[in-house]
Amino acid sequence: MHIAEGFLPPAHAVAWGVASAPFVVHGVRSLTREVREHPESTLLLGASGAFTFVLSALKLPSVTGSCSHPTGTGLGAILFRPPIMAVLGTITLLFQALLLAHGGLTTLGANVFSMAIVGPWAGYAVYKLLRRYDVPLMVAVFFGAFVADLSTYCVTSVQLALAFPDPGSGFLGALGKFGSIFAVTQIPLAVSEGLLTVLVMRLLVQSSKGELTRLGVLLAKKQSRSETEAVAR
């Protein structure tokens with residue numbers, strides 16, 4: 001879903017950059033506080049950023065001026081909350097634009113808004129909603145990662161439709177065209193990302209249970225029934 005360099009009209013590129021800036025600034029403050037108060041989380045923060053970088057670099061051709069790929073933002077949003085993921089996602093997108101020619105500097109704001117802001121917030125909201133109703137952790141993780149990926153593609157479709165409305169049917173016609181083309185590759189990718197994120201979370205539960213408990217992923221007092229039985233065994 002990275003929109004290519006120079007593809008958006010200048011006014012749109014600036015507008016998306018302005019819209020993204022407050023979230024990134026807030027994320028920088030959250031990240032600074034996390035590292036200062038819990039320096040032991042640095043390794044897990046780095047792993048979350050690397051997970052996003054690797055997955056979002058696996059691009060497939062899609063709509064002209066963009067591409068389809070996993071995002072990897074669901075894991076970081078679940079572990080460290082969406083504000084921190086906004087910073088990790090922005091760093092990822094910046095490095096990919098500079099080193100891989102994936103995305104671009106002029107479209108950085110738009111790509112940050114879709115992948116590093118909306119995706120993490122949507123995925124985290126679904127994850128928290130499911131956990132509130134005592135849905136098993138791994139099921140909630142799957143749907144959190146799935147929605148983070150899918151919502152990113154939806155926002156990118158909106159961004160492209162706003163920039164390039166259909167001559168006959170306008171914004172809605174363009175949105176339908178962009179969305180349907182993206183869906184062919186993005187829905188299977190979202191399912192695959194959800195499954196991979198579950199696998200990574202299972203490994204983290206085995207290796208970093210204390211850290212996950214501190215972060216609130218594993219609840220010390222309000223464990224689900226399935227987690228309680230697993231601990232008892």
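The model is predicted, so local features need pLDDT of at least 70 and side-chain atom pairs count only at pLDDT 80 or more, whereas totals for chains, interfaces and linings use all residues. Residues are numbered from 1 along each chain as its sequence is written, and side-chain values use heavy atoms, with hydrogens and water left out.

Aromatic pairs were assigned to rings of Phe, Tyr and Trp (its six-membered ring) with centres within 6.5 Å; planes under 30 degrees apart count as stacked, over 60 as edge-to-face and the rest as tilted. The count by this rule is six aromatic pairs. One of them, Trp 16 with Phe 113, is tilted, at 5.0 Å centre to centre and 50° between the planes. This pair links distant parts of the chain, since Trp 16 lies in helix H1 and Phe 113 in helix H5 (residues 108-132), 97 residues apart. Helices (H or I, at least four residues) and strands (E, at least two) are DSSP runs, numbered from the N terminus. Trp 16 and Phe 113 are both buried. Phe 23 and Phe 113 form an edge-to-face pair, at 6.5 Å centre to centre and 80° between the planes. Phe 113 is classed as buried because its relative accessible area is 17%. Trp 16, Phe 23 and Phe 113 form one aromatic cluster.

Ser 20 also lies in helix H1 (residues 10-37). With a relative accessible area of 3%, Ser 20 is buried. Its side chain reaches the backbone oxygen of Gly 109 at 2.8 Å and the backbone nitrogen of Phe 113 at 3.5 Å. Not counting residues up to four places away in sequence, Ser 20 touches Gly 109, Val 112, Phe 113 and Ile 117, where contact means heavy atoms within 4.5 Å.

Helix H3 (residues 73-80) is mostly covered, with eight of its eight residues buried. Arg 81, which follows H3, has a positive phi, near 80°.

How values were computed: Buried < 20%, exposed > 50% of the residue type's maximum accessible area, 1.4 Å probe, protein only. Polar contact = N/O pair within 3.5 Å; in protein donor to acceptor, adjacent residues only side chain to side chain.
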